[in-house]
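Please read it alongside the model shown here.

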Amino acid sequence: MEKFFLVFLFIPVFLAGNVFDLFEENLNNSSSYWSSVESFKEAEISYKRYTSFWNPEVSVSLGANGITITEEGVQNFSVLPTINFVNIYGFKLGLSFPISVNTKDWSFNFNDTQLSISKNLKADYMVSRLKMEANYLSARYSMRSVKNSIFIQTVQDVFNWYYYTKEIEILSQKLQVLKEKLTKTVNEDEKESLEKQIFSVEQTLRNTELKLKTIQTESINEEIYRETKNLLVNITLPATILEYREDLKALEIQKRAEEIEKRTWFLPYLPDLTFSFNYDFEESNWSVGIGFQVTLWDFGERKLESEKRKSQIASLEYRERMEEINDSISELLVNIENLESQMKQKDIEVNDLRETYETNKQLFKKGFLSEEDLILSELDYMEGKLAMENFENSLILEKLKYISTLGYDLEKFLKEGDRN
């Protein structure tokens, strides 16, 4: 596939401030964005269980009988603080130090402080770690994808606001001139033609006004439009690489996990074995415990779990995702090429409209053309230039979609360049 290399023009931050402020406002009002943020935070915490050596959990519980209150008052009870260091290569390390509370004088005694190490020998630590890493990368890419979609929609709203606003101005003027011309016309055929034009312009004007109402216009103005256009008009496409597609990286990691599970397809049929080691600091003695549990008969759960471990779903998803991405990239590149070709054609049409307008000005000066026809000619030229600018904006949006499809964070890309 043809490579496109990055040529990025840095724009001062003050030029981009307004559009990014509008983007932040849309982010804050997006339920899909906050949902993706929450999913990412959950995945991040789960993944940290496997990546952080110092990752303790501290809990406090009452003794087996809790707190007992009788007619004599509160009975003696115990408190059991516990610190667990979880998932250190699959081992659970815990430290407990029971505290006995004497309610007569409310004194505290520490006793039987113990260190415990335990592990489920059947649990596959590496598979779990790989799956948590895959979930983390997938959630991070999903959050980035949602952000990019909101940014593109923000830019599209700004572009559409400008186009619809200017189109309404042109159509309103055109409608007024056509009505004035109609009042001065005595030829019946020309009247009929003008009435059809008026009807068409009125219909287009109503549709454009309806489209404008669908945009949240309170925070958009022409200054924001110009700043947005200046920010985006000079970006070009980066190389067609998928380095930042973390969803693909997640699937690759899931494939590695599947390969491990495939080699251990028999694991569900093995008995559950647990190992524990306990050391009592006060008594200076230790003990080792081995737990054993085996399922002799079930409704097919073990067989189903074994068959799932043999499956290669992640490999299929990876291939399907790659096909989907390549198709999207190809479609976007074709759209970009088509828009560039259409812009060349539209440029020729705008030049023709400009020449027609210049000719009509000369004809008006010589008295061969009415003032209404001259104004209509000028409005056609203005409408042509507006359509040309709308093509330019459509091209910018397609480029943003292409950059997003490659996995870039658009906000970082525009502020910092190709340093995601």
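The points below cover the basis of the model, its salt bridges and a nonpolar patch.

1. This is a predicted model, in which local features need pLDDT of at least 70, side-chain atom pairs count only at pLDDT 80 or more, and totals for chains, interfaces and linings use all residues. Residues are numbered from 1 along each chain as its sequence is written, and side-chain values use heavy atoms, with hydrogens and water left out.

2. Side chains of opposite charge can pair when their charged atoms come close. A search of the whole structure returns 26 salt bridges (a side-chain nitrogen of Lys or Arg within 4 Å of a carboxyl oxygen of Asp or Glu).

3. Helices (H or I, at least four residues) and strands (E, at least two) are DSSP runs, numbered from the N terminus. E411 and K147 are both buried (under 20% relative accessible area, with exposed meaning over 50% and partly exposed in between; 1.4 Å probe, protein chains only).

4. E411 also forms a salt bridge with K415, again with closest N and O atoms 3.2 Å apart. Both residues of this pair, E411 and K415, lie in helix α10, four residues apart, or about one turn of the helix. E411 counts as buried because its relative accessible area is 13%, whereas K415 is partly exposed because its value is 46%.

5. Salt bridges that share partners connect K166, E169, E222, R226, K229, E389 and E392 in one network. Within it, E389 and K229 form a salt bridge at 3.4 Å, N to O. The pair links distant parts of the chain: E389 is in helix α9 (residues 371-405) and K229 in helix α5 (residues 222-232), 160 residues apart. Both E389 and K229 are buried.

6. A nonpolar surface patch of about 1,200 Å² includes L121, L273, W297 and F299. Patches are made of residues with over 30% relative accessible area and no salt bridge, like charges being joined within 9 Å and nonpolar side chains (Val, Leu, Ile, Met, Phe, Trp, Tyr) within 5 Å; accessible areas come from the Shrake-Rupley method with a 1.4 Å probe, and for residues only the protein chains shown count as cover.

7. Strand β10 (residues 285-293) contributes the most to the nonpolar patch, with four residues. F299 sits in the loop between β10 and α7 (301-310). F299 counts as exposed because its relative accessibility is 73%.
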